[in-house]
Amino acid sequence: MNDTAIEQLLQQHFSIDALQQAPAPLQQALRMLGGWLAAGRDTPYPHTPYAELIPQLSSIAPPAHGMAVTDFLQELDATVLANTAQLNHPRYIGHMTQALPWVSVLAEAFTAALNQNQVKIETAYVSTLIEKQILGWLHRQVYQHDDAVYTQAMAATSGALGNVVNGGTMGNLTALAVALEHHLPGTRKRGLFATMQESGYSGLAVIGSARSHYSAKKALATLGLGENALHLVPVDRDNRIDITALETTIAGLKARNIKVVAMIGIAGTTETGAIDPLAAMAAIAARENIWFHVDAAWGGALLIAEQFRPLYDGIALADSVVIDGHKLLWVPMAQSMVLFKDSASLNLLKHNANYILRDNSGDLGQTSLEGSRRFDTLKLWATFKVLGVSGYTTLLQQAATLSRQLQDLLAWQQDFELLTRSDTFILTYRYVPAHLRQRMAALLESGQIEAATALNQQLNTLTAKLQNRQKAEGHSFVSRTVLESTPYPGPTNVLRVVMSNVQTRPQHLQAILDEQRAIGQALVAELGL
């Protein structure tokens, strides 16, 4: 490489002076970002069939030479933006990511520009303190310790209130790793085989409800317990863990000399938004000496608003809690936290390295399972600074209002059936024409369970096809899942919506239902129902 080539490259792609003199690429990018954030596209979901996108991205080798940034931005617009779901579109209500305040997107840009590595104070100077402050703010919402606890935590060089992680999956893994080391000390260094031999137990278990997130299985596989160590307890009609069944499960495991390492309560299940009876679970965990972990990745943010706090009775008794910032704290992915009641808990994972993590240095990386890690806390810190608790409370109240509005709309529709509601803004329902609903009611009343099961399977087909066709047409988007806790025999396919898109209004909800009705009527005719 000659000096001319490197100078030219630096001038084109590193020099801010050059960009200021020729700002067209930056202006073009800002227009694209502004258009995206404005949700100006007519439809929220891509129209191009997925299989047709593959040839557009079929190159098996990277480009030999670069292109002009303006040309790249045109390709970005045509290839990426045109074929990406617009999550902030008012008719996109299918998943847990949604419209973002523009300041959080701006903070994401600052995160990239600063390019800090949160593993060590040397590479994360003030950002270490900002991360500790955010952990303190959220820890306070959950555990409500005395002010002195949070003042001391800012200056502490050992122990931590929690870790910032890149998602709920890593948060759950961290919590379960601490629980395992807590119950089987030495597992980290000597391995599970050695500590199990010494323990006298015939096996290990983790207990959660049938609504447990799949990340629990991944965590147990990673920790060496195996996916089968997760024992799922049935839920009631409200999709909360059945306490009687939980007691039975624990008794059965104890009878087999299997140690229950952890119990997972859920504060906002992914499928239905249900909150487990946390206080009752905490009491059982304390009695049985079980680590009590709460997966509040979805619902934990509601603790910011005092009106929702009663829903979480018992969460302050949890040994650990996971909360996702990129869900109901309205920041870009990925941003999550795992919090611990006892700041000494994370010392069970503490590690050091001569070149980077020295003992009692206060480096955040000492207690993290991750190594290099972005300054993702900046976007949450910025959004808290700009919105405040009052702003977040307003957003959460709007989500609650929108949830009630959809429930009211469904109640007025003769051909839709609400299956589950929740206090965390997730609803499930399905399209059921009146004649099919009447037929199902008659079959159940007369005890014809086999025929009712067959009809429910037909309705499952109808629901799956409806959601697929709605997605393919792209005018609106809802998701779907399968529940076993409905009044109907066998698994039941349901449409699932998340009422946290602040751009959505009642007219958009009505338009979505109207579209689903039209698709449903066509499918009923096609399927001969």
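Visitor: In which helix is L106 found?

Guide: Helices here are DSSP runs of H or I with at least four residues, strands are runs of E with at least two, and both are numbered from the N terminus. L106 is found in helix α6, residues 102-114. This is a predicted model, where local features need pLDDT of at least 70, side-chain atom pairs count only at pLDDT 80 or more, and totals for chains, interfaces and linings use all residues. Residues are numbered from 1 along each chain as its sequence is written, and side-chain values use heavy atoms, leaving out hydrogens and water.

Visitor: Why does L106 count as partly exposed?

Guide: Buried means under 20% relative accessible area, exposed means over 50%, and partly exposed is in between, with a 1.4 Å probe and protein chains only. L106 counts as partly exposed because its relative accessibility is 43%.

Visitor: Happy with that. What does the domain assignment give for the chain?

Guide: Domain bounds come from an automatic or database domain assignment. In this chain they are domain 1 (117-374) and domain 2 (387-527). Their centres, taken over C-alpha atoms, are 33 Å apart.

Visitor: How many residues of each domain are in contact, and how much area is buried between them?

Guide: Contact means heavy atoms within 4.5 Å. By that rule, 28 residues of domain 1 meet 25 residues of domain 2. Buried area is the accessible area (1.4 Å probe) that two parts lose on being put together, summed over both. For these domains it is about 2000 Å², with 62% on carbon and sulfur atoms.

Visitor: How many salt bridges does the rule find across that interface?

Guide: The rule asks for a side-chain nitrogen of Lys or Arg within 4 Å of a carboxyl oxygen of Asp or Glu. It finds one across the interface of domain 1 and domain 2.
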